[in-house]
Amino acid sequence: MMKDTFMGRSIYPVKKRTDVPIGSRVFPVKAGRSRLRSTVFKDVEEAFRELFGWPRDLFDGCCCKLLESYAGFVQLIPEHQDLPMQSMLGNSLKRSYVVTKEFMALMQIKEGKRFLTSPRGSRLLYAVFSASLLFRVAKVIADKQIVLCDEKGQFICHWRYFEHSMMHCGHYFKMRYGGDMPGHVVADMTVLLAKQLMPPLGFAWLVEDLALLGHWFKALNIHDELFGVHQMGLDVESLMRQSEFDFTIESDHFTADATLIGEQFWEWMLDQMSSL
């Protein structure tokens, strides 16, 4: 006779799940340009273009390519598991815009309006923009496992994020939360991924100033690095709260029915293990 308990605990879920298991949700892989042209993000590129006021070829070669590269890499993956409508892409775009705008305002006070149009000032501005966009980019994979799959949710391969974006691997992906990456590894992996995502022209521009490049590497993990070196303060959280941008997304996943039962069982096992 089968028992309904194991080690004194029910073998059945102790609470009814009303949501689809995360592992049964299949997300489409889209090009960065496509992501940025969606309804939520369609005004971002033009907002940055107006903020910088650079010649079109310079902005397109350094800024647009980085925005598209980043959007294609992080897709619409949430930055935090408990806030699925707040994507890492949206948070990073908002942070980069408000930080860059604040830096421009402070530097104009400190050095004058003409400084940011000089070769040195323009390169410094690009360093602030790119570092604030790519800030802690490795968080996208720090607490989750991401795999490429087909439209039925069947496994194809693990995402080798340290080599290329998902666009090189397939058309759909799935993820499961779990397995925290140590903080120091997140920091080191962020530097590796940032270099991978930077457009060649943009990174070559930074390399022309090795002192700035050193600060840029640090700024990928330290919010105010490029502010502090110029004796300026930065309150990112305050700037984010004041921003008028609203990048709340509607998730574009669909449910893979073929994997639903298996994923429900997997989540049930995790619940049981966590309660021991």
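Predicted model: local features only at pLDDT ≥ 70, side-chain atom pairs only at ≥ 80, totals over all residues.

Visitor: At what angle do the axes of helix 5 and helix 8 cross?

Guide: The axes of helix 5 (residues 119-133) and helix 8 (residues 200-207) come within 10 Å and cross at roughly 120°. That makes helix 5 oblique to helix 8, and the crossing is left-handed.

Visitor: Which residues in helix 5 meet helix 8?

Guide: As a general idea, an α-helix has 3.6 residues a turn, so residues three or four places apart point the same way. In this case Pro119, Ser122, Arg123, Tyr126, Ala127 and Ser130 of helix 5 meet Gly202, Trp205 and Leu206 of helix 8. By class, this contact of helix 5 with helix 8 has five nonpolar, three polar and one charged residues.

Visitor: How does helix 5 pack with helix 9, roughly parallel or oblique?

Guide: Angles under 35 degrees count as roughly parallel. Helix 5 and helix 9 (residues 210-219) pack at about 20°, with their axes 9 Å apart, and they are therefore roughly parallel to each other. Helix 5 passes helix 9 in a right-handed crossing. Arg123, Leu124, Ala127, Ser130 and Ala131 in helix 5 meet Leu212, Trp216 and Ala219 in helix 9, a contact that divides into six nonpolar, one polar and one charged residues.

Visitor: Where does helix 3 bend?

Guide: Helix 3 (residues 56-74) bends by about 30° at Cys63, while its 19 residues reach 25 Å from first C-alpha to last, close to the 27 Å expected at 1.5 Å a residue. Just after helix 3, Gln75 takes a positive phi of about 50°.

Definitions and conventions
Residues numbered from 1 in each chain as written. Heavy atoms only, no water. Axes fitted to C-alpha atoms, helices over the stretch in contact; angles between N-to-C directions. Helix = DSSP H or I, 4+ residues; strand = E, 2+ residues; numbered from the N terminus. Parallel < 35°, antiparallel > 145°, perpendicular 65-115°, else oblique. Left-handed = near helix turned anticlockwise from the far one by under 90°. Contact = heavy atoms within 4.5 Å. Nonpolar A, V, L, I, M, F, W, Y, C, P; charged D, E, K, R; others polar. Expected span 1.5 Å × (residues − 1). Bend = angle between axes of the 7 residues up to and from the residue.
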